[in-house]
Amino acid sequence: MPFTQIKDRALISVSGPDAEHFLQNILTTDLDTLGPGEAKPGALLAPQGKILFDFLISRTGDNGFQLECRADIADDFVRRLMLYRLRAKADIAKQDQALVTVAWGDDSAASHFDSIGADSTALADTRFRDIAISRTYGGETKDGGDPNTWQKIRIAHGIAESGSDYQLGDAFPHDVLLDETGGVGFKKGCYIGQEVVSRMQHRGTARRRVLIAVAAGPLPPAGTEVTVNGRPVGTLGSSNDGRGLAIVRIDRVKAAIDAHDSIRAGETPIMLAIPHWAKFTYPQDAASAEEA
């Protein structure tokens, strides 16, 4: 079974009788919909609605959860969780340098992970709709797998991650499609930043979105401006073999498409497309593209 291993990750465990209630009240993910064996995306937001920390969350035993996040943000994430814990009966601890194995394909993920000595069961990465992606923690192989193909899969499905595709503190959940990948619970109660996110959802005011960028050759580095007629409309994220992710103003992209204007990442001409599984569409009236 094809796989890759990711070493720059950390696990944060949250356990205890109040763990679920505590997390449900602060995170975007609706834990009522988180089943055993699933890893769902989510975020901890600022009160203004922007993403401070992104993660994948899964259940562990009775009343327990683990949050997989970037290793370089884990300490700050733990401190923020402890700040919000107050009197909740929840224990919060970090495991440094968690080795994450990601596998894809039709073979048995559980058998593959058993063969490399993983110490936990395989988790279904629910961000992906039409391909089976499994994650597990622990175990190691000699060659590290196939990170190039994993990057291609992630880009092809429009799955953005902080650090490589956007900066924490700069993006709303809608910008990076957490509203479409199950990372935001619109039927749950209040959580930090919920008012802003709900307003964007119900008013349909989300204008920045992840699109897939396609070029005839290599794309420029992440962070390169995406422009139309020299006017910035967004930023390029990670790329691989002429395909990449871009977070852009879709109203301005729609206006450019209608006018047959060239869209560029730096000096490189690109085409932009909505991920094939996404439900959002380009605005029908692109007049808002001229708004500030």
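Me: What should I know before reading the values?
Reply: In this predicted model, local features need pLDDT of at least 70 and side-chain atom pairs count only at pLDDT 80 or more, while totals for chains, interfaces and linings use all residues. Residues are numbered from 1 along each chain as its sequence is written, and side-chain values use heavy atoms, with hydrogens and water left out.

Me: How many helices and strands does the chain have?
Reply: Helices (H or I, at least four residues) and strands (E, at least two) are DSSP runs, numbered from the N terminus. The chain has 6 helices and 14 strands.

Me: What does the radius of gyration say about the chain?
Reply: The radius is taken over C-alpha atoms, and the globule rule is 2.2 Å times the number of residues to the power 0.38. For 292 residues a compact globule would come near 19 Å, and the chain agrees, with 19 Å. Its C-alpha trace spans about 55 × 45 × 30 Å along the principal axes.

Me: What share of the residues is buried?
Reply: Buried means under 20% relative accessible area, exposed over 50%, and partly exposed in between (1.4 Å probe, protein chains only). Here 53% of the 292 residues count as buried. G204, in the loop between helix 5 (194–203) and strand 8 (208–214), is partly exposed at 40%.

Me: How is a pocket defined, and what is the volume of the largest pocket?
Reply: On a 1 Å grid over the protein atoms alone, a pocket is an open set of points where a 1.4 Å probe fits, with protein on both sides within 12 Å along at least five of seven lines; lining residues have an atom within 4 Å of a point. Points are joined across faces, edges and corners, and a volume is the space filled by probe spheres set on them. The largest pocket has about 570 Å³. Of its 30 lining residues, R9, R154, E161, S162 and S164 are the closest to the centre.

Me: Which element gives the largest share of that lining?
Reply: Strand 1 does, with 5 residues. Ala, Val, Leu, Ile, Met, Phe, Trp, Tyr, Cys and Pro count as nonpolar, Asp, Glu, Lys and Arg as charged, and the others, Gly among them, as polar. The lining of the largest pocket has 13 nonpolar, 7 polar and 10 charged residues.

Me: What is the volume of the second largest pocket?
Reply: About 200 Å³. Of its 14 lining residues, D165, Y166, Q167, T235 and I247 are the closest to the centre.
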